[in-house]
Amino acid sequence: MKLKKIISCFAISIMLVTVLNGCGRSEGDSISGKSVVKVGCKNDVPNFGLMNIDTREFEGFEIDVAKAICKEVYGENVEVKFEAVTAKTRGPLVETGELDMVAATFTITEDRKETYNFTQPYYTDHVKLMVQKTSGIKDFADLDGKIIGVSQSATTKQSLQKAADEIGISLEFSEFASYPEIKAALDSGRVDCFSVDGSILSGYLNDSLMLLPDEFSPQEYGIAIAKRNTDLAKRVDEAIGKMKGNGELDKLIEKWGLN
């Protein structure tokens, strides 16, 4: 009878160890067995992430970067599924696990590092300003008392407010969910300036608009991954480092005219 109890207890112990091991399975195991990867990207940023209306496919620098990274991390046969995100939705979607990673002009900041795992930067830009050529606005100081259109949850507002405080001017801000909405507001005169990273603004320039010479706050873009997925973050960071080292990243920057 005692022997049966010992055997029974031993069997239960083995089962518990198996269950616990399954629950605590390393991120590396899930990486090696993953056949589909979900990546958040922009769909309204020319040259970075834009939906091609003819093919219904996402195109741009960050799309190519994400594809290259996923193949390096998961293997050549992995399927990469892109999902459009905004500055407001990209963080929550990667936190909840609905997305595996985000490559969407996501600026690395110390505050954001508390919430997400960021890779090393794959692109660096600056916040810039776009205005109507007929507005009479020539530089940042001329925006005193003007309305600046910015994206929701982006770092642009904080960067400009800090710069305004330093030179003693007053700014008003109007926040929008997407870049096309800010551009439409600028065209209609509802805002006096459209501000975001310069490379993003360049995709919206036309004959009636111009970029001011001022630039603020270097914006380093990184791939964002959920804080709990440390192994994935390490592998993706290594993939970006490899792309930098072998020149692949520079080739993509040149391909999309981001030099």
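Mentor: Start with strands: helices (H or I, at least four residues) and strands (E, at least two) are DSSP runs, numbered from the N terminus. This is a predicted model, in which local features need pLDDT of at least 70 and side-chain atom pairs count only at pLDDT 80 or more, while totals for chains, interfaces and linings use all residues. Residues are numbered from 1 along each chain as its sequence is written, and side-chain values use heavy atoms, with hydrogens and water left out.

Trainee: What stands opposite D44?

Mentor: L50 in strand 3 stands opposite D44.

Trainee: What is the order of the strands in the open sheet?

Mentor: The order is 2-3-4, three strands with antiparallel pairing. Strand 2 (44–45) and strand 4 (58–59) each have a single partner strand, so they stand at the edges and one side of each lacks a neighbour in the sheet.

Trainee: How many salt bridges does the structure hold?

Mentor: The structure holds seven salt bridges. The term means a side-chain nitrogen of Lys or Arg within 4 Å of a carboxyl oxygen of Asp or Glu.

Trainee: What makes K242 and E72 a salt bridge?

Mentor: Their closest N and O atoms are 3.3 Å apart, which is within the cut-off, so the pair qualifies. The pair links distant parts of the chain, with K242 in helix 9 (residues 230–245) and E72 in helix 3 (residues 61–74), 170 residues apart.

Trainee: Why is K242 called partly exposed?

Mentor: Buried means under 20% relative accessible area, exposed over 50%, and partly exposed in between (1.4 Å probe, protein chains only). K242 has 45% relative accessibility, so K242 counts as partly exposed. E72, at 42%, is partly exposed too.

Trainee: How do you know that K157 and E175 form a salt bridge?

Mentor: The closest N and O atoms of K157 and E175 are 3.5 Å apart, so this pair also meets the definition. K157 lies in helix 6 (residues 156–167) and E175 in strand 10 (residues 172–176), 18 residues apart.

Trainee: Where do K234 and E238 lie?

Mentor: Both lie in helix 9, four residues apart, about one turn of the helix. K234 has a relative accessible area of 48%, so K234 is partly exposed.

How values were computed
Pairing = 2+ DSSP bridges.
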